[in-house]
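Subject: Structure handover

Hello,

Here is the structure for you to look over. My notes on what was found follow below it.

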Amino acid sequence: MPNIKSAKKRVKVTATKTLQNKMFRSQMKTVVKKYEAAVAAGDIATAQVLYKVAVKKIDVAASKGIIHKNCAAHKKSAFTKALNGMNA
């Protein structure tokens, strides 16, 4: 446990930010699962709507540093490939 006032504050701030990051990551994972379920079910209309939502969440996560930018690019590429595969 820290003794210095600024260190105590950093512990509180870190805990708050960690909670926010976990909440956002959970939201992102939920959207991704919904998109993957729509692709697996073959529902093109729902998949197209969820694709936009999922890509937006992934972009925000990458910009906030919750996931690495290359991880975000990899996921978006895979999502695009799956969506284009459904249309073909």
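One definition to start: buried means under 20% relative accessible area, exposed means over 50%, and partly exposed lies in between (1.4 Å probe, protein chains only). The model is predicted, so local features need pLDDT of at least 70 and side-chain atom pairs count only at pLDDT 80 or more, while totals for chains, interfaces and linings use all residues. Residues are numbered from 1 along each chain as its sequence is written, and side-chain values use heavy atoms, with hydrogens and water left out.

Salt bridge

A salt bridge here is a side-chain nitrogen of Lys or Arg within 4 Å of a carboxyl oxygen of Asp or Glu. The whole structure holds one. Asp 59 and Lys 76 form a salt bridge, at 2.6 Å from N to O. Asp 59 sits in helix H2 and Lys 76 in helix H3 (residues 69-87), 17 residues apart. Helices are DSSP runs of H or I, at least four residues, numbered from the N terminus. Asp 59 is partly exposed, because its relative accessibility is 35%. Lys 76 is partly exposed too, at 25%.

H1 against H2

Helix H1 (residues 5-41) packs on helix H2 (residues 44-64) at about 150 degrees, with the axes 9 Å apart. The pair is therefore roughly antiparallel (angles over 145 degrees count as such, and under 35 as roughly parallel). Axes are lines fitted to C-alpha atoms over the stretch in contact, and angles run from 0 to 180 degrees between N-to-C directions. The crossing of H1 and H2 is left-handed (the near helix is turned anticlockwise from the far one by less than a right angle). The contact (heavy atoms within 4.5 Å) includes Phe 24 and Met 28 of H1, and Leu 50 and Ile 58 of H2. By class it has 15 nonpolar, two polar and three charged residues. Ala, Val, Leu, Ile, Met, Phe, Trp, Tyr, Cys and Pro count as nonpolar, Asp, Glu, Lys and Arg as charged, and the others, Gly among them, as polar.

H1 against H3

H1 and H3 pack at about 25 degrees, axes 10 Å apart. That makes H1 roughly parallel to H3. Their crossing is left-handed. Val 32, Tyr 35, Glu 36, Ala 38 and Val 39 of H1 meet Phe 79, Ala 82, Leu 83 and Met 86 of H3.

The loop

Asp 43 lies in the loop between H1 and H2. Beyond its neighbours within four places in sequence, Asp 43 contacts Ala 38 and Met 86.

Best wishes

How values were computed
Helices (H or I, at least four residues) and strands (E, at least two) are DSSP runs, numbered from the N terminus. Angles under 35 degrees count as roughly parallel, over 145 as roughly antiparallel, 65 to 115 as roughly perpendicular and the rest as oblique.
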